[in-house]
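Visitor: Could you walk me through this model, starting with the overall picture and then going into the details?

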Amino acid sequence: MAFIHAAKLAALLGLFSVPAVWGSYAAYELGLYLVYGMVGQGIALCWGRAGFLPLGQALFFGIGAYLAGGALTTFGSGWLVLLPMLVAAILIPALLASLVGALVFERQVGSGPYFSLITLALAMLGFQLANSMEWLTGGFNGLSGIPDLLPGVDRFDGLYYVIVGFLGMTTFGLGYLLRTPFGQLLLAISQNEMRLQLFGFRTGVLKACTFAVSAGVAGLAGALYAPHQGIVTPQAVGFLLSAEFVIWTAVGGRAGLAGPVLGAVAIGFLASGLRDTLPYWEAIVALVFIGVVLQWPTGIAGMIQSGWQLWGPDSRHQPAPMRDIALPMPPRRRTPVLQFEDVTVKVGSATILENLSVSIEPRSINCVIGPNGAGKTSALNAMTGSLPITSGHIRWGQRRLQGLRPYAVSALRVGRKLQVPSIFSGMTIGQNLDIALWANRIGLLERLTMTPYRWRTSVLSALEDRFPFLRDGFRMSGELSVGQRQMLDFALTVASEPELVLLDEPCAGLSVEETGRMTEAISELIAELDATGIVIEHDIDVVERLSDRVHVLHQGQLLASGTMAEIRQDPHVQAVYAGGSKV
């Protein structure tokens with residue numbers, strides 16, 4: 001870690017030494033590429049961390065550039081102009097981006113392709129407006145004669161140091177953001193957005209905030225671009241520059257903050273060197289881009305990091321951070337009754353649930369059985385906002401669950417484990433558990449501090465005792481066996497300490513020994529949580545050991561309810577469902 005910090009400091013000092021070593025013109029040219037690299041850092045935040053690709057970042061870059069160019073041309077250089085100008089160049093693009101993000105991302109989970117196309121269209125619109133609004137932007141010729149940023153800070157000398165300073169600020173600021181719980185939640189979005197919503201996180205808002213931050217960084221870069229170039233034209237807003245931003249980010253490496261800067265500098269100097277010597281230099285740059293993306297998808301920065309990991313220490317074996325802040329269990333309310341009242345769900349012409357009515361008593365474990373296609377998982381989907389109901393009502397006490405989004409259902413202290421283990425495979429076990437502990441607990445400001453990484457609960461301790469592999473916090477969850485993934489998924493569900501626990505086939509794929517451990521853990525932890533449990537399971541031995549009451553579904557309807565002994569004797573159940581066990 002000390003070596004990494006020393007390398008960053010050395011890189012920053014190296015940048016500051018460029019004018020003295022290479023001369024003013026080299027610093028001027030490098031300054032432009034560093035400005036472009038700042039925009040790439042915002043793209044990396046969205047694309048490399050949160051998993052959605054903005055294709056129109058030049059729009060925000062151009063807004064910042066036009067604001068700065070207009071302010072400097074109208075009011076001249078000076079501190080009284082500089083501070084309001086920079087604030088406006090950051091906030092106006094950020095507010096516009098947050099509005100666009102809120103409108104797009106709240107539509108549905110996985111709206112990334114729509115978002116990319118919309119940002120592309122916005123960049124094209126911005127280009128047309130900049131061309132046509134001559135009274136404001138100067139039209140095709142743009143704003144020219146833009147003065148220096150500050151008196152004595154000329155574009156061939158002093159401005160370079162200002163650019164390096166702001167680049168250092170964005171790098172360290174965004175780097176801190178990525179290390180906070182907010183940054184970890186962004187990584188979880190790229191891994192499994194629906195699972196994160198089932199923990200109560202409003203992912204659309206998280207993505208809109210991320211897009212706003214990236215737009216603010218682009219606006220800041222644009223504000224530096226205007227005095228650096230002395231002119232701002234519609235090309236600073238258009239799609240071609242947006243495409244170049246994405247290319248530089250991909251070549252340099254979108255997984256971190258150094259990659260976009262490396263990509264912009266490398267491609268910039270390559271293009272500069274070839275432009276005056278080869279007539280088809282654009283084709284050569286394009287071939288370089290294609291080659292890097294195909295052979296090294298992680299970009300230049302990824303290649304450097306791979307080399308460091310080959311020769312440097314393996315961070316996965318560092319001691320896990322101390323979880324030394326014990327959280328009390330949230331106060332338990334009078335757990336209400338869960339009721340399905342004539343619930344019908346139709347998808348097209350197919351009827352999934354038909355007039356399903358069932359009542360789940362509080363503080364009990366209810367097992368749901370039935371043949372495949374009976375509607376068991378669909379009933380849970382209808383409860384948790386994943387499947388809209390056609391008619392009827394689902395009530396959790398006085399609250400109606402139908403029409404609520406998954407994150408809103410989770411906020412009512414409803415926890416769900418999906419049928420297929422649904423974890424964050426590209427994250428460590430410790431990071432998975434962090435997210436479960438933060439569910440319905442972490443506040444807005446706490447997402448920007450390191451304190452939540454230290455949280456632990458008595459339920460987490462009990463889970464670690466039951467499943468010791470959970471203590472290996474730096475192990476990648478994608479390396480776990482099928483059985484361990486089931487256990488981790490169950491652990492994530494109950495670690496959030498819900499009052500209604502929904503488990504869909506928690507013992508599927510487990511060995512006989514693992515099934516026994518899982519069954520005991522379900523029984524003990526639901527009792528410790530003083531919660532109501534609903535368990536879908538095909539293993540009749542598990543059903544018999546767990547259930548206080550059994551509900552049998554068939555063709556989307558309730559066929560029978562009762563104790564396990566009563567269900568075994570029911571002739572209607574015997575006619576449609578035999579069940580099975582692993583022994």
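**Overall picture**

Guide: The protein has 23 helices and 14 strands, where helices (H or I, at least four residues) and strands (E, at least two) are DSSP runs, numbered from the N terminus. This is a predicted model, in which local features need pLDDT of at least 70 and side-chain atom pairs count only at pLDDT 80 or more, while totals for chains, interfaces and linings use all residues. Residues are numbered from 1 along each chain as its sequence is written, and side-chain values use heavy atoms, with hydrogens and water left out.

Visitor: What box do the C-alpha atoms fill, and how many of the 583 residues, in percent, count as buried?

Guide: Taken along the principal axes, the C-alpha atoms fill a box of roughly 90 × 55 × 45 Å. Of the 583 residues, 52% count as buried, with buried meaning under 20% relative accessible area, exposed over 50%, and partly exposed in between (1.4 Å probe, protein chains only).

Visitor: And what share of the contacts joins residues at least 24 apart?

Guide: Among contacts (heavy atoms within 4.5 Å) between residues at least 6 apart in sequence, that share is 77%.

Visitor: Let's move to the helices; what span should H5 have, and what does the model give?

Guide: Helix H5 (residues 79-105) has 27 residues and should span 39 Å at 1.5 Å a residue, and its end C-alpha atoms are 38 Å apart, which agrees. The expected span is 1.5 Å times one less than the number of residues.

Visitor: What covers the buried residues of H5?

Guide: The cover includes helix H4 (57-75), H6, helix H8 (158-179) and H10. Among the buried residues of H5 themselves are Val81, Leu82, Pro93, Gly101 and Phe105.

Visitor: You mentioned H10; is that helix mostly covered or mostly open?

Guide: H10 is mostly covered, as 23 of its 27 residues are buried. From its first C-alpha to its last H10 reaches 39 Å, close to the 39 Å expected at 1.5 Å a residue, and the helix is followed by Gly230, whose phi is positive, near 80°.

Visitor: Which residues of H18 are buried, and where do they sit around the axis?

Guide: In helix H18 (residues 458-466) the buried residues are Val459, Leu460, Leu463 and Glu464. They cover an arc of only 140° around the axis, which puts them on the same side of H18; the arc is that of the directions from the helix axis to the C-beta atoms. An α-helix has 3.6 residues a turn, so residues three or four places apart point the same way. What covers these residues of H18 includes helix H17 (429-438), strand S10 (455-456), helix H19 (482-495) and helix H20 (512-529).

Visitor: Changing topic, what volume does the second largest pocket have, and what lines it?

Guide: Its volume is about 940 Å³, and the lining consists of 33 residues, of which Tyr36, Leu241, Glu244, Trp248 and Arg275 lie nearest the centre. Elements that give two or more residues to this lining include helix H3 (24-50), helix H12 (258-275) and helix H13 (281-295), while the largest share, seven residues, comes from H11.

Visitor: How do you define a pocket and a cavity here?

Guide: On a 1 Å grid over the protein atoms alone, a cavity is a set of points where a 1.4 Å probe fits but cannot get out, and a pocket is an open set with protein on both sides within 12 Å along at least five of seven lines; lining residues have an atom within 4 Å of a point. Grid points are joined across faces, edges and corners, and a volume is the space filled by probe spheres set on the points.

Visitor: How many cavities of 30 Å³ or more are there, and which residues lie nearest the centre of the largest?

Guide: The search of the whole structure finds four. The largest cavity holds about 140 Å³ of space and is lined by 14 residues, with Phe340, Val358, Val368, Ala379 and Ile534 nearest its centre. H15 gives the largest share of that lining, four residues.

Visitor: Last one: where is Glu497, and is it buried or exposed?

Guide: Glu497 lies in the loop between H19 and strand S11 (500-504) and, at 1% relative accessibility, counts as buried. Its phi is near 55°, a positive value in a residue other than glycine. Asn440, in the loop between H17 and S10, also has a positive phi, of about 60°, but Asn440 is partly exposed, with a relative accessible area of 35%.
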